[in-house]
Amino acid sequence: MADEIMLLDWWSSMFGMRVRIALVEKGLKYESREEDLNNKSPLLLEMNPVHRKIPVLIHNGKPICESPIIVEYIDEVWKDKSPLLSTDPYQRAQARFWADYIDNKIFQLGGKIWTSKGEDQEAAKKELMECLKILEGELGEKPFFGGENFGFVDVSLVTFSCWFYTYESFGNFSIEAECPKLIAWTKRCLQKSSVSSSLPDSLKIHDFVLQLRKKFGIE
Amino acid sequence: MGEEVKLFRTWSSPFALRIVWALRIKGIEYETIFEDISNKSPSLLQYNPVHRKVPVLLHNGRPIAESLVILEYIDETWKQAPLLPVDPHERAMARFWAKFGDDKILGSIWSVFIKQGKEQEEAMVPAMENLKFLEGELKGKKFFGGETIGFVDLALGWLANLIGLLEEIVGLKVVDGEKLPLLSAWMQDFGDAPIIKDNWPARDGMILKFQALRDATIAAASK
């Protein structure tokens, strides 16, 4: 029986992008549905009644929600191709730890940068750079967080890279200046077709945020 | 091969308790190191430099931090008495509910606890909505894991102890047996299970601690 895979998504979501990358890494065909987040579809509300958020993966009619959980699910079901997690429990634990760290820090801090100004913005910038430096330290001299191969932590973090330009513009700072190795890593990831085909253009994200800021009256 | 397992915990941390339960359920021998949060040991800072928190599991000298990450590590390393189901979709659902507990239940219950009057009433609305989702998940099951205690039960287990304590402190019923019958029954069944029951932190100490936390939070908010 052929697998039926649908992804409820939103083009600029770093979380949706993670699932896109995983699906492409595994060579999977799927139907992508763009949600209107101001007018959520009955399908989304039925498939994710608890959070009503994207991404939602629907595999043969069954929903899976929350991007790290979706990516692990994909990795477990289609385990023979491009594994994203190691088979070693300790390596897996380290990968999950760093994915959890990314989820607790980057989105909120990045969001604060483009929605605030003055002291609040400065504090968010400082903390974001501290977190990115810690991540850069974890990367070390490895080509990917997963080691020789692109893996779970790479998937979790690289999707923020298309948002970096937006953070830098509105925050007036340069991530590359302080984390050159991390930026080199993003470029390395973008050489993979799974990543380049899943991430929107940085300028498109920037223009979208510009519109959002006007809409919410943030100067 | 001798396994060296150490658990860094505090006497009251509900997150560390998850690990105690998991190790006991699997029959794993381990050494406990109690931390004083106001005076963290050099070992804790060395083994969890990023968060500097408990719990930390040390297995043959290698540290693992973050309680849900530790639970999965334990389940993958020691295969007896499995905590997560085998089926990938069921595993994804277990991870979902554990995450829901940490992301939503914890915060919404805490909000009810640290507020007063009208604000407390308002905080009850999202708390009840969240608890109702758990109620729905228990339909037809004794535990979240089915017939036996599993990953989600351990992740949500703090409810079985803390809810009663918090209700006593604020004088408010949060998990009402009429409105949330399955969740109430689960709190009883989980709380009474031998391994769980033997490991609850000292009740008096918990009441004192949380009363003090509530008072301090309310005082800070009114400044």
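Let's start in a loop: Arg52(B) sits between H2 and S3 of chain B. This is a predicted model, and here the backbone deserves a look, as Arg52(B) has a positive phi of about 55° although it is not a glycine. With a relative accessibility of 46%, Arg52(B) is classed as partly exposed, because that class covers the range between the 20% limit for buried and the 50% limit for exposed.

Further along chain B, Ala81(B) also shows a positive phi, near 45°, and is again a residue other than glycine. Its place is the loop between helix H3 (67-77) and helix H4 (88-114) of chain B. At 35% relative accessibility, Ala81(B) is partly exposed. For background, most residues other than glycine have a negative phi, and most peptide bonds are trans.

In chain A, the bond from Ile54(A) to Pro55(A) is cis, with omega near 0°. Pro55(A) belongs to the loop between helix H2 (42-47) and strand S3 (56-59) of chain A. In chain B, the bond from Val54(B) to Pro55(B) is cis, with omega near 0°, and Pro55(B) belongs to the loop between helix H2 (42-47) and strand S3 (56-59) of chain B.

One more loop residue is worth a visit. Ser116(A) is found between helix H4 (89-115) and helix H5 (118-139) of chain A. Its relative accessible area is 15%, so Ser116(A) counts as buried, the limit being under 20%. The side chain of Ser116(A) comes to 2.6 Å from the backbone oxygen of Lys112(A).

Now for the rings. Over all chains, the structure holds 25 aromatic pairs. Two of them are set out here.

| Pair | Centre to centre | Angle between planes | Arrangement |
|---|---|---|---|
| Trp163(A) and Tyr167(A) | 6.2 Å | 35° | tilted |
| Trp186(B) and Phe190(B) | 5.3 Å | 20° | stacked |

Why does the Trp186(B) and Phe190(B) pair count as stacked? Its planes stand at 20°, and planes under 30 degrees apart count as stacked. The Trp163(A) and Tyr167(A) planes are 35° apart, and that pair is tilted.

What separates Trp163(A) and Tyr167(A) along their helix? They are four residues apart in helix H7 (residues 161-171) of chain A, and so about one helical turn lies between them. Trp163(A) and Tyr167(A) are both buried. In chain B, Trp186(B) and Phe190(B) lie four residues apart in helix H8 (residues 181-192), about one turn of the helix. Trp186(B) and Phe190(B) are buried too. These two rings belong to one aromatic cluster, formed by Trp21(B), Phe144(B), Trp186(B), Phe190(B) and Trp200(B).

Rings also meet charges. The charged end of Lys204(A) sits over the ring of Trp11(A), 4.6 Å from its centre. Across the two chains, Arg62(B) lies over the face of Tyr90(A), at 4.0 Å from the ring centre.

Finally, chain B has an open sheet of four strands in the order S2-S1-S3-S4, with mixed pairing. Which strands form its edges? They are strand S2 (31-34) and strand S4 (62-65) of chain B, each pairing on one side only. From one strand to the next, the twist averages 20°. Strand S1 (residues 5-9) of chain B runs parallel to S2(B), and four bridges join them. Within this part of the sheet, Lys6(B) stands opposite Glu31(B) in S2(B).

Methods
Residues numbered from 1 in each chain as written. Chains lettered and ligands numbered in written order. Predicted model: local features only at pLDDT ≥ 70, side-chain atom pairs only at ≥ 80, totals over all residues. Heavy atoms only, no water. Phe/Tyr/Trp six-rings, centres within 6.5 Å; stacked < 30°, edge-to-face > 60°. Helix = DSSP H or I, 4+ residues; strand = E, 2+ residues; numbered from the N terminus. Buried < 20%, exposed > 50% of the residue type's maximum accessible area, 1.4 Å probe, protein only. Lys NZ or Arg CZ within 6 Å of the ring centre and 35° of its normal. Pairing = 2+ DSSP bridges. Axes fitted to C-alpha atoms, helices over the stretch in contact; angles between N-to-C directions. Polar contact = N/O pair within 3.5 Å; in protein donor to acceptor, adjacent residues only side chain to side chain.
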